[in-house]
Amino acid sequence: MPLKPEEDDLGPSKSELKREMTERQKLAEVLSKLSSDALKSVPLEENIRDAIAQTQKIKTFEALRRHKQYLGKLMRALDAEEIAAIEKRLEIIEGPGKVETAKLHQLEALRDRLIANDAALTQLIERFPDLDVQNVRTLIRNARKEKELNKPPKAYREIFQLLRSLDT
């Protein structure tokens, strides 16, 4: 049965509109957590920038929830190109921090592997032949003792600093 002309293109569904609204509200929340200098570099209309800056002044939960909905409403007025420009600028702002955090997480995981498994030390020695092996073994042994005896993690931290200095 052929469709009537008015049924051909009804536009986005209600669910699609709601998803888009939620995404824009989340984008506004991310923007509200930026510093004032970083927020100034984001291509936004002045009224939206002011509303986002006010978010940090709101303390009560319910007021904050209503304000976030308001931000979502303001963000819905922006077209797809403006949203893309905002997201691109946000990637530039957050990018270096995310890379550094990921690197630190990798170093922490390597430290935990070194303490848990001697094979990890062998791999580290293969990657860094100039490594002071005796010092690293001592640090690992001390870290294991600290963990057993519930002592402060001095050697544990020293291993992390050593790995960080290797710039892995």
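D118 is exposed, with a relative accessible area of 51%. The cut-off for that class is over 50%. This is a predicted model.

**Around D118.** The residue D118 sits in helix α6. Its side chain makes a polar contact with the side chain of R144, at 3.0 Å. The two side chains also meet in a salt bridge, 3.0 Å from N to O. D118 belongs to helix α6 (residues 118-127) and R144 to helix α7 (residues 133-148), so the pair ties together parts that are 26 residues apart in sequence. R144 is partly exposed, with a relative accessible area of 28%. D118 and I140 are 22 residues apart in sequence. In space, their C-alpha atoms are 9.3 Å apart.

**Salt bridges.** How many salt bridges does the structure hold? There are seven.

Take E20 and R24. Both lie in helix α1 (residues 14-32). They are four residues apart, about one turn of the helix. Is R24 buried or exposed? R24 counts as buried because its relative accessibility is 9%, and the cut-off for buried is under 20%. E20 counts as partly exposed, at 37% relative accessibility.

Now E46 and R49. Both are in helix α3 (residues 46-54). They are three residues apart, so about one helical turn separates them. R49 has 14% relative accessibility and therefore counts as buried.

Salt bridges also form a network. Which residues does the network link? They are E62, R65 and R66.

**Helix α4.** This helix covers residues 61-76, which makes 16 residues. From its first C-alpha to its last, α4 reaches 23 Å. That is close to the 22 Å expected at 1.5 Å a residue. Which residues of α4 are buried? They are A63, H67, L71, G72, L74 and M75.

**In brief.** The E20 and R24 pair lies within helix α1, and the E46 and R49 pair lies within helix α3. R24 is buried, R49 is buried, and R144 is partly exposed.

Note on methods. Residues are numbered from 1 along each chain as its sequence is written. This is a predicted model: local features need pLDDT of at least 70, side-chain atom pairs count only at pLDDT 80 or more; totals for chains, interfaces and linings use all residues. Side-chain values use heavy atoms; hydrogens and water are left out. Helices (H or I, at least four residues) and strands (E, at least two) are DSSP runs, numbered from the N terminus. The expected span of a helix is 1.5 Å times one less than its number of residues. Buried means under 20% relative accessible area, exposed over 50%, partly exposed in between (1.4 Å probe, protein chains only). A salt bridge is a side-chain nitrogen of Lys or Arg within 4 Å of a carboxyl oxygen of Asp or Glu. A polar contact is a pair of N or O atoms within 3.5 Å; within protein, one must be able to donate a hydrogen and the other to accept it, and residues adjacent in sequence count only if both atoms are side-chain atoms.
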